[in-house]
Amino acid sequence: MPSPFHFARTWELEVPPERFWNAISRTDDYRNWWPWLREFEADGFRPGAHWSAVIQSPLPYVLRVQLLLEEVVEGKRLAAAVSGDIEGWAALDLVPSANGSTVDVEWDMRPRSRAMQMAAVLARPLLRWSHEWVLARGLDQFRQRALTTGPTRSGDDAGGHSPPERHQNGMREE
C-alpha cells in the first residue's frame, strides 16, 4: 500500500473565531458554499455525528467519504475519522489571533481502492495538485460565500469581500 498523504495547513482569517465557528457549524449550507461538493448529508455537529459526502475532483473521478465526528469542542476543535474511498483522520483547530482567527487543519489519508492505490503511486503529483485545487477553491468559496453572509456582530467585517489570508503550506508526505 502507498504511503499516506499527510497534509497540514494554517490560515489566518480576518474574522473572529466565533464567526468562523458559526459558519462552519451550518452544515445545511455546505453545498451552497462548495459547488464541487456533489452530495452531502450530516446528522449534526456534535461528537458521534455522521457525515457523508461525494466530492468532485478537477480530475475525472469523485471521492465518496464518510466522517464520524469524534471530537467537537465548541469554537476550538473539530476532529473526525474518515472512511470510504480514502481512510484516515482529519482535525481542525481554531484559535484567536491578532487579526481574527488562526485555523489549523491537518489530516492523514490513505486510498482504499486498488485503482486509487495505484494512482497514489503512479500519479502522486497529479493527485496532490487535485487536492491542492480542492483546498484552494474550498477556502476561497468558504470565504466568499460563508463568511460574508449570515448574522454579523457589531464590528464584524461583512462588507461582501474576501478578507486577506496568510497561507502557510505545511504539506508533507510520509
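Hi everyone, let's start with Phe40, which sits in strand 2, residues 37-42. Keep in mind as we go that this is a predicted model. Phe40 has a relative accessible area of 16%, and the cut-off for buried is under 20%, so Phe40 counts as buried.

What is Phe40 in contact with, leaving aside its neighbours within four places in sequence? The list is Thr27, Tyr30, Arg31, Trp51, Ser52 and Ala53.

Now to the rings. A search of the whole structure gives twelve aromatic pairs. One of them joins Tyr30 and Trp33, with 5.3 Å centre to centre and 35 degrees between the planes, and that geometry is tilted. Why are Tyr30 and Trp33 separated by about one helical turn? Because they are three residues apart in helix 2, residues 30-33. Tyr30 is buried at 5% relative accessibility, and Trp33 is buried too, at 2%.

Ring pairs also build a cluster, and here are its members: Phe20, Trp21, Tyr30, Trp33, Trp34, Phe40, Phe45, Trp51 and Phe142.

Next, the core. In soluble globular proteins, nonpolar side chains tend to be buried together. In this model the largest nonpolar core has 41 residues, and Phe20, Tyr30 and Phe142 have the most contacts inside it. Let's look around Phe142. Not counting residues up to four places away in sequence, Phe142 touches Phe20, Ala23, Ile24, Trp33, Trp34 and Leu147.

Last stop, strand 1. Is strand 1 largely enclosed or open? Nine of its nine residues are buried, so strand 1 is largely enclosed by the rest of the structure. Phe5, Phe7, Arg9, Trp11 and Leu13 point one way, while His6, Ala8, Thr10 and Glu12 point the other way, and all of them are buried.

Who is the partner of strand 1? That is strand 7, residues 100-111, and the two pair in the antiparallel sense over nine bridges. As one detail, Phe5 has Met109 in strand 7 as its bridge partner.

I'll finish with Thr10, which lies in strand 1, residues 5-13. At 16% relative accessibility, Thr10 is buried, and its side chain makes a polar contact of 2.5 Å with the side chain of Asp104.

Terms used. Residues numbered from 1 in each chain as written. Predicted model: local features only at pLDDT ≥ 70, side-chain atom pairs only at ≥ 80, totals over all residues. Heavy atoms only, no water. Phe/Tyr/Trp six-rings, centres within 6.5 Å; stacked < 30°, edge-to-face > 60°. Helix = DSSP H or I, 4+ residues; strand = E, 2+ residues; numbered from the N terminus. Buried < 20%, exposed > 50% of the residue type's maximum accessible area, 1.4 Å probe, protein only. Polar contact = N/O pair within 3.5 Å; in protein donor to acceptor, adjacent residues only side chain to side chain. Core = buried A, V, L, I, M, F, W, Y, C linked by side-chain atoms within 4.5 Å. Contact = heavy atoms within 4.5 Å. Pairing = 2+ DSSP bridges.
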